[in-house]
Each structure stands twice: as C-alpha cells, then as structure tokens.
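Subject: Structure handover

Dear colleague,

I am passing on the structure below, followed by a summary of what was found in it. Please read the two side by side.

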Amino acid sequence: MQTTRRDEIRANGLHVTVLKEKILDVFEKIEEPLSVPELLKALNRYRLTPHKTTLYRELESLVGAGLLEELKLHDGLRSYELKHEKENHHHHFICEKCSNVIDFNNPQLETLIKKTASALKRKGVSVRNHALNLYGDCTQCSLKTSR
Ligand SMILES: [Zn+2]
Ligand SMILES: [Zn+2]
C-alpha cells in the first residue's frame, strides 16, 4: 500500500492540513532549499495564499517533526528543505552575497566526523546528527567581484 502525504504527516504526530501537504509537495518537486518568500511564491501556484505567521507555524512544526530541515543562512535568513534520507546526506555551500546554496558531499569528511563522534562518545557524549555549512562567494558572485 502506498503511503500518502497525509499518512506521512499523521505518522509524524502532526495534525494534517492542506498547507502542510502542499509545503511537502513543493519541496519534493523543487528538490532544493527554499526561503519563505520563495516558498510563498511556489504555494501561490497551488492557489494557496497563507498568512506568513501561519506559514512559519507550519514550517516550525514540520521541522520539529523531522520532516523538514532548517538552514540558517549567513545573514540571519532561513531556508528550508526536505530532511535528508541517510543515503543522500550532504552538506551546504552558502553564498554570502546572494544566498545561493550548493550541495556537496565528501566521504572522507564523513569518516572524520564519525571518528570525532566516537571520540566524543568515550567522553559520554552521544552524537546523533551533524550539519556543516561552508560560506563564501558562488561562481557568479566571484565573477562579479573580479570584474
Ligand atoms: Zn552568489
Ligand atoms: Zn555529513
């Protein structure tokens, strides 16, 4: 039996709303991090015009339930994306000029993080997850400054 979006939301202990369903639909289709204004624009295409406060509340509960992940950008802005499944775990490069986000992964980095986590475990710390952001200028913004 195929699990529907509603089942997924309910299984994570959340109250099912059309807005939650559509938010997850948008993220699945777009496959990249979105800011709140970008998400609002995408939702408009589904004829949904939620109030910003409502949208923030829904995003917060989706993040809390582990369905979405929140990325804090350099300038205090936030973006959201679908919480990664283990197999497409990755990290982010974030452009400080235009907030462009580029995904990357590095197996050696993962090994190093695992080693670090085991070292911490010996001190009684249990690491469940990690996130890593690199900041700088993306290709387009580098070109603009060197001109
Ligand atoms: Zn940029
Ligand atoms: Zn990692």
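The protein is divided into domain 1 (1-83) and domain 2 (88-147), with bounds that come from an automatic or database domain assignment. This is a predicted model, in which local features need pLDDT of at least 70 and side-chain atom pairs count only at pLDDT 80 or more, while totals for chains, interfaces and linings use all residues. Residues are numbered from 1 along each chain as its sequence is written, and chains are lettered from A and ligands numbered from 1 in the order in which they are written.

The C-alpha centres of domain 1 and domain 2 lie 23 Å apart. Seven residues from domain 1 and six residues from domain 2 make the contact, where two residues are in contact if their C-beta atoms, placed from the backbone, lie within 7 Å. The side of domain 1 that touches domain 2 has four nonpolar, two polar and one charged residues; here Ala, Val, Leu, Ile, Met, Phe, Trp, Tyr, Cys and Pro count as nonpolar, Asp, Glu, Lys and Arg as charged, and the others, Gly among them, as polar.

As for the protein as a whole, it has six helices and six strands, arranged along the sequence in the pattern α-α-β-α-α-β-β-β-β-α-β-α. Helices (H or I, at least four residues) and strands (E, at least two) are DSSP runs, numbered from the N terminus. The C-alpha atoms fill a box of roughly 50 × 45 × 30 Å, taken along the principal axes. Of the contacts with a separation of 6 or more, 46% are between residues 24 or more positions apart.

Within domain 1 (1-83), an open sheet of three strands has the order β1-β3-β2, with antiparallel pairing; two strands pair if DSSP finds at least two bridges between them. Because β1 (34-35) and β2 (68-72) stand at the edges, each with a single partner strand, one side of each is left without a neighbour in the sheet. β1 and strand β3 (residues 78-82) pair in the antiparallel sense over two bridges, and S35 stands opposite S79 in β3.

Two helices lie across strands of this sheet: α2 lies across β1, β2 and β3, running at about 80° to β3, and helix α4 (residues 52-64) lies across β2 and β3, at about 110° to β2. Axes are lines fitted to C-alpha atoms, for helices over the stretch in contact, and angles run from 0 to 180 degrees between N-to-C directions.

The axes of helix α2 (residues 18-30) and helix α3 (residues 36-44) come within 10 Å and cross at roughly 100°, and α2 and α3 are therefore roughly perpendicular to each other (a term that covers 65 to 115 degrees). This contact is made by K22, I23, V26 and I30 of α2 together with L39, A42 and L43 of α3; by class, it has six nonpolar, no polar and one charged residues.

Turning to domain 2 (88-147), three strands form an open sheet in the order β5-β4-β6, with mixed pairing. Its edge strands are β5 and β6 (133-136), each of which pairs on one side only, and the twist averages 25° from one strand to the next. Strand β4 (residues 91-95) is joined by four bridges to strand β5 (residues 101-104), and the two run antiparallel. H91 stands opposite F104 in β5, while the bridge partner of H92 in β5 is D103. The hairpin of β4 and β5 has five residues between the strands, and S99 takes a positive phi near 65° there.

Best regards

Note on methods
Angles under 35 degrees count as roughly parallel, over 145 as roughly antiparallel, 65 to 115 as roughly perpendicular and the rest as oblique.
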